[in-house]
Amino acid sequence: MGLLSIIRKIKRKEKEMRILMVGLDNSGKTTIVLKINGEDTSIISLTLGFNIKTISYQKCAIILPIRAMGVILSCSHYLQIYTLNIWDVGGQRTIRSYWRNYYEQTDGLVWVVDSSDLRRLEDCKMELDNLLKEERLSGASLLILANKQDLKGALTPEEIAKVLNLENMDKTRHWKIMGCSAYTGEGLLEGFDWLVQDIASRIYMLD
C-alpha cells in the first residue's frame, strides 16, 4: 500500500480537511473565517502570523434514488460532518515568504481577493501564480473568493478571473471562483460547499 493510499484512508476515517487561506493583506481572510463560523466580525485585528480555526462543517448529501419501471422507490438524505482545520495566514509583503511553511498536507486552498483594490490586482496575480507553482499544493482544490462585492466599484468575479488569467491555469487543477462579501456573508457558504465537496470527492470517496 502506497503512502498516498494510507493518507487517504486516515483522512477518510477522520473526515478532516486542512484548508490554507491566503491572499494579500486586507483582503478579508480573517473576517471570512469568523463569518462562516458565526462569530463576531465587528472588530478584526491584523493577522501578523497565522490563526488556526477548527470548524465543524455540515453538508447534506443525497443518495441517488432507486428506480424500477420508471418509479422512484427510495431517495434518502444524510448529514455528513467534516472537520475543517483552516489556516488563516497573514498576507503582508514582509511575511509572504513564510507561506511555504504551511503548504504541507493542504487539501484545499482558498485565495481571497479584494475585488475593490484595483491598484494591487497585478500584485495579487503574481502572488497567486507563484503559489500555484508549488509542488506541495499541486493536488489541492482551489477556491478563489472575489471578496468585497458589496463595495461600489468592485470588479465582478468574471473580471477578476480575467485579470488572474484563470482560464489558462493547469487543466488538472480543480478550481472555482465565487463572488462574495465577508461583511454580508453572501457567497461564502456556496463557495465552501463547493470546496468541501470537491475535496471529499478526491479524498473520501476513493478506495
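How many bridges join strand E5 to E6, and in which sense do the two run? Five bridges join E5, residues 141–147, to E6, and the strands run parallel. Hello everyone, and thanks for coming.

A word on the ground rules. This is a predicted model, so to speak of local features we need pLDDT of at least 70, side-chain atom pairs count only at pLDDT 80 or more, and totals for chains, interfaces and linings use all residues. Residues are numbered from 1 along each chain as its sequence is written, and side-chain values use heavy atoms, with hydrogens and water left out.

Now the overall picture. The protein has five helices and six strands; these are DSSP runs, H or I of at least four residues for helices and E of at least two for strands, numbered from the N terminus. Reading from that end, the order is α-β-α-β-β-β-α-β-α-β-α. Of the 207 residues, 46% count as buried, where buried means under 20% relative accessible area, exposed over 50%, and partly exposed in between, with a 1.4 Å probe and protein chains only. The protein exposes about 11,600 Å², and carbon and sulfur atoms supply 54% of that; the areas come from the Shrake-Rupley method with a 1.4 Å probe, and for residues only the protein chains shown count as cover. Among contacts with a separation of 6 or more, 74% are between residues 24 or more positions apart, a contact being heavy atoms within 4.5 Å.

Back to E5. Seven of its seven residues are buried, so the strand is largely enclosed by the rest of the structure. Ser141, Leu143, Leu145 and Asn147 point one way, while Leu142, Ile144 and Ala146 point the other.

Who are the neighbours of E5? In E6, Leu143 has Lys176 as its bridge partner, and Ile144 has Ile177. Between E5 and E6 the chain passes through helix H4, residues 157–163, in a right-handed β-α-β crossover. Right-handed here means that, with the strands pointing away from the viewer, the path from the first strand over the helix to the second runs clockwise. E5 also pairs with E4 in the parallel sense, over seven bridges; strands pair if DSSP finds at least two bridges between them. Trp111 stands opposite Ile144 of E5. E4, H3 and E5 make a right-handed β-α-β unit too.

On to helix H3, residues 121–132. Its twelve residues reach 16 Å from first C-alpha to last, close to the 16 Å expected at 1.5 Å a residue, the expected span being 1.5 Å times one less than the number of residues. Its buried residues, including Leu121, Leu128 and Leu131, pack against strand E1, strand E4 and H4.

A quick look at cysteines. Cys124 counts as buried because its relative accessible area is 3%, and Cys180 is buried at 1%. The structure holds zero disulfides, a disulfide being a pair of cysteine sulfur atoms within 2.5 Å.

Last stop, helix H2, residues 29–36. Seven of its eight residues are buried, so H2 is largely enclosed by the rest of the structure. Just after H2, Gly38 takes a positive phi of about 75°. The C-alpha of Lys35 is separated by 6.6 Å from that of Gly185, 150 residues away along the chain. Gly185 sits in the loop between strand E6 and helix H5 and counts as partly exposed, because its relative accessibility is 22%.
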